[in-house]
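Welcome, and thanks for opening the viewer. Keep the selection tool at hand, and let us walk through the chain stop by stop.

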Amino acid sequence: MDSLLRNFDMLCLIPKAPHSISTPELQEKLQSTGYDVDLRTVQRDLVKLTASPLFPISSTENTKPLRWFWIDNSSHLQFPLMSTDEALTFKLAEMFLEPLLPPSVRLRLSGYFDLADKRLKESKFEHWVEKVSIVPSNLSLVPAEIEPNLLAVVYESLLKQRRFKANYRPIDRKVKSYEMNPLGLVFKNNIIYLVATVFEYTDVKQFALHRFRSAELIDKPANAPEHFNLKSYIDNGGFDYPIDNIFGQIDIKLRINRFIKQLLTETPLDINQQISEINEGTYMLNATVKDTEQLRWWIRSFGIGIEVLEPSSLREEFAQEVRTLSAMYG
């Protein structure tokens with residue numbers, strides 16, 4: 001029984017091509033999990049397993065020691081069999097979460113994704129993935145292209161908490177060289193942003209991954225600002241683009257139409273917002289919100305459906321935009 005369990009654990013330790021593991025590495029990992037096994041025993045087990053057609057395992061031919069791997073197109077082995085619920089979960093993860101996963105993790109999960117496809121074809125959930133989708137709330141743009149090797153460097157840098165050297169081209173500016181301290185990745189509107197500091201500075205900046213021209217991992221620990229937390233950074237408006245880089249709030253008063261009133265009743269701007277009727281089809285909204293560019297983009301998206309009444313400074317901003325637009329289209 002001990003040898004059977006050992007062989008199953010060994011099968012789990014062997015990676016799928018193009019990754020591989022050497023015989024001494026297998027021995028070390030088995031010993032770390034409690035098996036009292038010598039190198040010769042591991043070698044005998046491997047010969048026995050590779051002789052069976054049930055286990056499409058192979059090894060390198062010209063390396064010392066030999067390195068072992070599952071053949072690239074082999075099916076993933078799993079006991080017990082994947083349930084339909086698990087298969088559906090893996091399929092939805094492949095559809096909607098795969099861009100978030102580091103390349104090495106995606107490679108390791110590829111066998112599970114293949115197994116999930118096969119399992120779903122045998123179940124009542126076969127067509128479920130055709131019935132769910134995610135629709136962006138704004139104009140759908142073609143995703144920017146990112147060089148795969150560059151993306152791999154960024155993920156590895158984040159995982160190992162190490163710096164990387166990079167050449168980066170901001171919009172309408174020349175390429176610059178940086179030493180990046182990666183803090184996190186944020187996916188927004190088909191663009192992947194790296195949140196990072198540069199060199200020894202502590203101010204947090206955002207870099208669109210598709211604007212990187214090169215990246216090289218270096219043997220230096222990443223330097224994160226004290227108490228930095230990606231979720232807090234986002235919750236505090238890091239991607240709402242605060243005015244003058246100050247995370248302030250303002251009290252706004254808006255004149256809105258019936259459609260926007262219904263929308264904001266269902267999904268409020270602020271938990272304490274108040275909406276009152278001015279006359280039939282016109283309403284007054286009062287709320288406290290972050291003073292950001294995101295707020296201005298949101299107001300512009302409704303055109304004449306929203307009139308800014310207060311604060312006066314924000315009303316004047318929009319009045320000036322209207323005058324500029326009038327001159328442009330007049």
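Is V198 buried or exposed? Select V198 to begin: at 7% relative accessibility, this valine counts as buried. Bear in mind throughout that you are looking at a predicted model.

**Stop 1: around V198**

V198 belongs to strand β6, which covers residues 191-198. Now show what surrounds V198: setting aside residues up to four places away in sequence, V198 touches Y178, E179, M180, N181 and F207. V198 and R106 are 92 residues apart along the chain, and their C-alpha atoms are separated by 28 Å.

**Stop 2: the whole chain**

Zoom out and colour by secondary structure. The protein chain holds 10 helices and 12 strands. Its radius of gyration is 28 Å, well over the 20 Å that the globule rule gives for 330 residues, so the chain is more spread out than a compact globule. Along the principal axes, the C-alpha atoms fill a box of roughly 85 × 55 × 40 Å.

Switch to a surface if you like. The protein chain exposes about 21,200 Å², with carbon and sulfur atoms supplying 54% of that area. Of the 330 residues, 33% count as buried. Among contacts in the chain with a separation of 6 or more, 60% come from residues 24 or more positions apart.

**Stop 3: aromatic rings**

Display the aromatic side chains. A search of the whole structure finds 13 aromatic pairs. Pick out Y168 and F212, an edge-to-face pair at 4.8 Å centre to centre with 65° between the planes. Y168 sits in strand β4 (residues 162-168) and F212 in strand β8 (residues 212-221), so this pair ties together parts that are 44 residues apart in sequence. Y168 and F212 are both buried.

Which residues do ring pairs link into a cluster? Select Y193, F228, Y233, F239, Y241 and W297 together, and you have that cluster on screen.

**Stop 4: backbone details**

Hide the side chains and follow the backbone. Most residues other than glycine have a negative phi, and most peptide bonds are trans.

- Go to K64 and P65, which are joined by a cis peptide bond with omega of about -5°. P65 is in the loop between β2 (57-59) and β3 (67-70).
- Move on to E310 and P311, where the peptide bond is also cis, with omega near 0°. P311 is placed in the loop between β12 (306-310) and α10 (312-329).
- Select Q161, a residue other than glycine whose phi is positive, near 55°. Q161 lies in the loop between α6 (148-160) and β4, and at 59% relative accessibility Q161 counts as exposed.
- Then try H227, also a residue other than glycine with a positive phi, near 70°. H227 is in the loop between β8 and α7 (230-235), and its relative accessible area of 73% makes H227 exposed.

**Stop 5**

Where is T23? Look in helix α2, residues 23-32. T23 counts as buried, at 6% relative accessibility. Show its contacts: leaving aside neighbours within four places in sequence, T23 meets L39, V42, Q43, L46, L66 and W68.

Continue to T41 in helix α3, which covers residues 39-50. T41 is buried as well, with a relative accessible area of 15%. Draw a distance from T41 to S3, C-alpha to C-alpha: the two are 38 residues apart in sequence and 9.9 Å apart in space.

Finish in helix α6 with Y155. At 5% relative accessibility, Y155 counts as buried.

Terms used
Residues numbered from 1 in each chain as written. Predicted model: local features only at pLDDT ≥ 70, side-chain atom pairs only at ≥ 80, totals over all residues. Heavy atoms only, no water. Helix = DSSP H or I, 4+ residues; strand = E, 2+ residues; numbered from the N terminus. Rg over C-alpha atoms; globule rule 2.2 N^0.38 Å. Buried < 20%, exposed > 50% of the residue type's maximum accessible area, 1.4 Å probe, protein only. Contact = heavy atoms within 4.5 Å. Areas by Shrake-Rupley, 256 points an atom, 1.4 Å probe, with all protein chains shown as cover. Phe/Tyr/Trp six-rings, centres within 6.5 Å; stacked < 30°, edge-to-face > 60°.
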